[in-house]
Amino acid sequence: MTSPQPLPHLSSLPPYVPGRPPTAPPGVTPYKLSSNENPYPPLPGVLEAAEQAVATMNRYPDMGSVALYRALADRLDVVPEQLSLGTGSTAVLFGLLTAFCGPGDEVVMPWRSFEAYPIAITVAGATPVPVPLTADARHDLAAMAAAVTERTKVVLLCTPNNPTGPALSATEVRGFLAAVPEHVLVVVDEAYLEFVRAEDPVDGIALVGERSNVAVVRTFSKAYGLAGLRVGYLASTPEIAAAVRSVALPFGVSTAAQAAAVASLQAETALRARVDLLVDERERLVKSLAEIGWQVPEAQGNFVWLGVGDRTAEIAAACDAVGLSVRAFAGEGVRITVGEAEANRRVVEVLSRLEP
Ligand SMILES: *Cc1c(COP(=O)(O)O)cnc(C)c1O
């Protein structure tokens, strides 16, 4: 062997497949429904705040992100020491796994779930232990608790689950926490928290207050519509947050991202109104799909899941052909983001021409 070789465990890394941009036939407006992005423009005041920040691009960002830590701590009613910011919650998850596990350690995760999980676990050198979802596309919490061994360092919960949609209840999560040893770190990924309209919703921050082995990760990418700026965070105990901060890239969160996130937190009323619009669209979409024979699992995020198995490629291609890019998981199903009213109408239209 003469050339430099990367670590051997990296050869088993699954690829992260990004949602594709749409390719529309002539005269048809394309819609990107493949990455669970927010279809709306920035919240009031956010573009202005980001523009002002961009004007200082010759300077490094505030490495301590002081204003954003302060604003988030106030909003969540925690102290800033309980938080760790990152370039999206994906980066926070990578940092957390790097800080808490390594070779020989296991991480229990639901599967199918967020595709960054097995990548982040493998990069950390640890072993993913995927636990299949139930038939109704929910976490199998009993099986996940049973999968915890003396090698388990971390358990990942994703609520609502991307890409299938169901949310966990607070009672379910509390029951799970009671069944897991205290030295195992339980991570609650609440990327779609704002869209949840289920009874007994999980409030990760409340769980952090109750236990010393819970971390919540949240993002500004989905409800807040800042996916392109890359900012997310973890909330946990001061000790866990400090460990995650210690492995974060210096100066990761840009000045524009910090400013946009602070301004977004000040636009809470407008945020709620937009999230309500998307939730209304989601409910309409689920109902219309049911009327034409397509049953989808409980949809608590800004997306719906068609667990169509072998027909995944066919259905994704039919959407593609009319300018709707959706996210296909080969052999498993299709995830469709709730978009603008017109995009959702077109989803129903194309699916009404296919056999459910
Ligand atoms: C989108 C998403 C994230 C975070 O995305 P970032 O843009 O990196 O903040 C995290 N978890 C899940 C389940 C997601 O779907």
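These entries record what I looked up in a predicted model of a protein with a ligand.

**Entry 1: the ligand**

I began with the residues around the ligand. There are 13 of them, and Thr90, Tyr192, Thr219, Ser221 and Lys222 come nearest. Sorted by class, this shell consists of four nonpolar, six polar and three charged residues.

For Thr219, an N or O atom of the side chain is 2.5 Å from an oxygen atom of the ligand. Ser221 has a polar side-chain atom 2.6 Å from a ligand oxygen atom. Asp189 places a polar side-chain atom 2.7 Å from a nitrogen atom of the ligand. On its own the ligand has 380 Å² of accessible area, and the protein covers 94% of this.

**Entry 2: salt bridges**

I noted that side chains of opposite charge can pair when their charged atoms come close. The structure holds 21 salt bridges, and I examined some of them.

In helix α10, Arg284 and Glu281 lie three residues apart, about one turn of the helix. Their side chains meet in a salt bridge, with 2.6 Å from N to O. Are the two partners buried or exposed? Glu281 has a relative accessible area of 9%, under the 20% limit, so it counts as buried. Arg284, at 47%, lies between 20% and 50% and therefore counts as partly exposed.

Arg311 and Glu314 form a salt bridge with an N to O distance of 3.0 Å. Arg311 is partly exposed at 24% relative accessible area, and Glu314 is partly exposed at 38%.

Helix α12 spans residues 341-352 and contains both Glu342 and Arg345, three residues apart. Glu342 is partly exposed at 32% relative accessibility, as is Arg345 at 44%. I also recorded a network in which Arg75, Glu268 and Arg272 are joined by salt bridges that share partners.

**Entry 3: a buried loop residue**

Asn302 belongs to the loop between α10 (268-291) and β9 (303-306). Its relative accessibility is 2%, so Asn302 counts as buried. A polar atom of the Asn302 side chain lies 3.0 Å from the backbone oxygen of Asn36.

**Entry 4: a surface patch**

Which residues form a nonpolar patch on the surface? I found Leu7, Leu10, Leu13 and Val123, which together have about 300 Å² of accessible area. Val123 is part of helix α4, residues 116-123. With a relative accessible area of 35%, Val123 is partly exposed.

Conventions
Residues numbered from 1 in each chain as written. Predicted model: local features only at pLDDT ≥ 70, side-chain atom pairs only at ≥ 80, totals over all residues. Heavy atoms only, no water. Patch = residues over 30% accessible without salt bridge, like charges linked within 9 Å, V, L, I, M, F, W, Y side chains within 5 Å. Areas by Shrake-Rupley, 256 points an atom, 1.4 Å probe, with all protein chains shown as cover. Salt bridge = Lys/Arg side-chain N within 4 Å of Asp/Glu carboxyl O. Helix = DSSP H or I, 4+ residues; strand = E, 2+ residues; numbered from the N terminus. Buried < 20%, exposed > 50% of the residue type's maximum accessible area, 1.4 Å probe, protein only. Near = heavy atom within 4 Å. Polar contact = N/O pair within 3.5 Å; in protein donor to acceptor, adjacent residues only side chain to side chain. Nonpolar A, V, L, I, M, F, W, Y, C, P; charged D, E, K, R; others polar.
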